[in-house]
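Here are some comments for a colleague who works with ligand sites. Please read them with the sequence and the coordinates open.

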Amino acid sequence: MSELPGSSKPVTTIGDLSKYDDTSVTIRGWVYNKRSSGKIHFILVRDGSGIAQCVVVKSQVSPEVFGAFDLLSQESSLTVTGKVHKDDRAPGGYEIQVEDLAIVHVAKDYPITPKEHGTEFLMDHRHLWLRSARQHAILKIRHRIIKAVRDFFDGKGFTLVDSPILTPASVEGTSTLFETEYFDLGKAYLTQSGQLYAEASAMAMGKVYCFGPTFRAEKSKTRRHLTEFWMVEPEVAWANLNDNMDLAEEFIEYVVQTVLGNSAEELKLLERDVTKLQTVKRPFPRLHYDEAVEILKKNGVDFQYGNDLGAADETIISQQYDRPVMVHHYPAACKAFYMKRDPEREDLTLSVDVLAPEGYGEIIGGSQREDDYDTLLKRLEEFNLPREPFEWYLDLRRYGSVPHSGFGLGIERTVAWICGIEHVRETIPFARMIYRNTP
Ligand code: 4AD
Ligand code: MG
């Protein structure tokens, strides 16, 4: 048995085994599972790029190599050298006929076993849970979604300009701010959204997006709320509400179709019904808030006109369609200070929320922005916001103000929808929620 990872053979990843059919290679990974028929041992090895079945035949290896099988507990790390064989029955389509193997580290009593564990137990062991096939697939899809997000905006002439995380003021209401002492300057807040700074960037670059973590001290313990989540926020100079909706639907179609085209294997592992994603094509239905309220009333909901749509309301509305629906013109009373009002209906905003199908609810919130200096000043007062930390923001309305619009897409809710999973806690590597900030 080798002391060191077999160096005489090419070292490869399991994902690349197809390039080495009928050749001896070395792979490095962790024991996913194992079984034995006495004279033949089967070790399933994972390395992050895939899973390979490694076959150890007693008559073909040294007694040490054959005996090593007994020491190889779940998640022990090892290197395996052997000949690659195409085998359609093997997971991943390739099998390794073991010639040599080296144990790197024996894992003692790995806490996550193939038996069922409760969610809290798994969340407590999130740092290990990430190794399981399902979590691996979700993270792969999350990565694919983020790449599609970037490719989409980069391909349309947007410039990535990131916004700060430590900020002097709120964006989305003062009730969900995380605050911290900031040296001699008083309080600073973890940003709820990069939008206000993206507006400044849009005035410099035309079309921008920012993409980073955002924070809400949400007291909500629901399947769609995190206290730390990632948001991508495009902002476009000269764009109105309609342009904003055109961009949002093209964007979502692109992201979903790109994931369908590239992540078939992961979606299959998650048992996602992809027919529900194939229909995500433009145009998306566009519903005025008033029409949305009509739908709720027809469905027997006792809905108070002027209220925001709750999760249950969103589900009823989105159930009418086989693709995301865009609800626009929400009442000002339930939206943020920066939203421009409808000139014909001062009580309504030029806002849009995109609701994902299958009960996933709001994944995008956006609007045309108030671009008039006096009106914006009035709004700050109406919302009881201090003027001083917003002086720079008012400057954007003092110096060459133009109509502009943008939106924010929450990555975790999007991952939950595309993966078809119940709760956002599984869509981010290490979830932060009202009752959890570990591991
Ligand atoms: O609707 P929201 O609050 O909009 C904004 O923050 C705007 N400033 C964005 C903009 O116009 N640039 O949030 C946007 C999206 C939501 O639709 C949702 O997908 C996600 O961010 N989101 C959350 N995701 C997880 N947990 C939370 N607590 C979330 N709050 C919002
Ligand atoms: Mg919203």
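In which helix does I295 lie?

1. This is a predicted model, and the question about I295 can be settled at once, as this residue belongs to helix 9, which covers residues 289-298. Between I295 and Y305, which stand 10 residues apart in sequence, the C-alpha to C-alpha distance in space is 12 Å.

2. Turning to the ligand, the space that ligand 1 takes is the largest pocket. The elements that contribute two or more residues to the shell around ligand 1 are strand 11 (228-237), strand 17 (361-368) and strand 18 (404-410), and strand 17 gives the most, with five residues.

3. There are 23 residues around ligand 1, of which E172, Q195, E233, E362 and I363 come nearest. By residue class, this shell divides into seven nonpolar, eight polar and eight charged residues.

4. Several polar contacts deserve a look in the viewer. A nitrogen atom of ligand 1 lies 3.3 Å from a polar side-chain atom of E218, while a polar backbone atom of R224 is 3.4 Å from a nitrogen atom of ligand 1. On the oxygen side, a backbone N or O atom of G410 is 3.2 Å from an oxygen atom of ligand 1. Of the 630 Å² of accessible area that ligand 1 has on its own, the protein covers 95%.

Conventions
Residues numbered from 1 in each chain as written. Chains lettered and ligands numbered in written order. Predicted model: local features only at pLDDT ≥ 70, side-chain atom pairs only at ≥ 80, totals over all residues. Heavy atoms only, no water. Near = heavy atom within 4 Å. Polar contact = N/O pair within 3.5 Å; in protein donor to acceptor, adjacent residues only side chain to side chain. Areas by Shrake-Rupley, 256 points an atom, 1.4 Å probe, with all protein chains shown as cover. 1 Å grid on protein atoms, 1.4 Å probe; cavity = no way out; pocket = protein on both sides within 12 Å on 5 of 7 lines; lining within 4 Å. Sits in = over half its atoms within 2 Å of the grid points. Helix = DSSP H or I, 4+ residues; strand = E, 2+ residues; numbered from the N terminus. Nonpolar A, V, L, I, M, F, W, Y, C, P; charged D, E, K, R; others polar.
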